Amino acid sequence: MNFKVLTAISVLSLLAFTGHVVLPSAAAENIEKDLPTMCVALDGAYKKRKWGQDPCDAIEWVTGGKSVKGRPLIYAEFGARESDNVTLIFAMVHGDEITPLYTGFQMTQWAKKNMSKYPKAKLVVAPLVNPDGFLDFPKTRMNANGVDCNRNFATADWEKRALKEWKTKLHSAPRRFPGHKPESEPETKFQKMLVEKFKPQKIVSIHSPLNMTDYDGPDHLKLNQFSSEYVKRCEELRSKVKAKSSGFFPGSLGNYTGQELGIPTITLELPTAEYQYADKYWQMFKKGLETVVSYEVPPKDKKAEKGPGQ
Ligand SMILES: [Zn+2]
């Protein structure tokens, strides 16, 4: 290496260090740090896949946090503001699953037109929980810190099992990394914030491509904790959407909201992640999603079942 090249590198490093120039690796990143810019990027992603209308269009979005890289974490509310019959829908917790993005945004457009059919129901949709995973190149299942945000909830078994089982059972697979600490990630905190703020009666999280509907919620083991009517109705909801139970993981949403909080939690795994089929899946599952939104789960508290004064 000659002296001129070395000098140029030294000057560039010094300027970068003092903040006067941005090195090429950082300059290459073009982050959509506000909602309008992110919506332009999403519209571009829709156009590229011939998915039709601008997904953000005419929806009142609320920003409930920022991703690791500073992108807005968005949600929208529909229906009866004061209702107890709240459904919370998440999509794209895993950024490379593609088809749930379309289902999530379609659900908001559906809700805008159709929630008046259910005057006692309320719906909250967060269609892009992991914007960094979707909008960065290459797309990743994990967030920008390399954490699987469906293994990062602070469930009771996290400290004991999450990292240990990731290292042993999962052979430290990067795609399943639960984080160094529970609830360390902004995308996990965002989901938890929505659960605490809206106190949903039921939750749906949309993924792909496992082609199944999984259920976590109060079962016969929880009868002591919840009213029998509540458990019965949760099971009825489960059978209406043909969901199966297939266990849960430390730090997963189903473990946190289904097992620990007793909120029926349905994980809808669309059949594939191939964008060409996104509308076909939407047509397949919109009726089921409408069933969940309109379904009323009674109070889970035993005292509430008996009524006041008893
Ligand atoms: Zn997933």
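The questions and answers below walk through parts of this predicted model. Residues are numbered from 1 along each chain as its sequence is written. Because the model is predicted, local features need pLDDT of at least 70 and side-chain atom pairs count only at pLDDT 80 or more, while totals for chains, interfaces and linings use all residues.

Student: How far apart are the end C-alpha atoms of helix 7?
Tutor: Helices here are DSSP runs of H or I with at least four residues, and strands are runs of E with at least two, both numbered from the N terminus. The expected span of a helix is 1.5 Å times one less than its number of residues, so the 13 residues of helix 7 (residues 186-198) should span 18 Å. The model agrees with this, since the end C-alpha atoms are separated by 18 Å.

Student: Which elements do the buried residues of helix 7 pack against?
Tutor: A residue is buried if 20 or more other C-beta atoms, placed from the backbone, lie within 10 Å of its own, exposed if 12 or fewer, and partly exposed in between. In helix 7 the buried residues are P186, E187, T188, F190, Q191, L194 and V195. Their packing partners are strand 1 (62-66), strand 2 (72-79), strand 3 (85-91), strand 4 (121-126) and helix 9 (253-260).

Student: Is N85 buried or partly exposed?
Tutor: N85 lies in strand 3, and its C-alpha atom is separated by 6.0 Å from that of E296, 211 residues away along the chain. Around N85 there are 19 other C-beta atoms within 10 Å, which means that N85 is partly exposed.

Student: Which residues does I203 touch, not counting residues up to four places away in sequence?
Tutor: I203 lies in strand 5 (residues 202-207) and is buried, because 29 other C-beta atoms lie within 10 Å. Contact requires that the C-beta atoms of two residues, placed from the backbone, lie within 7 Å. With residues up to four places away set aside, the residues that I203 touches are L88, T257, I263 and T265.
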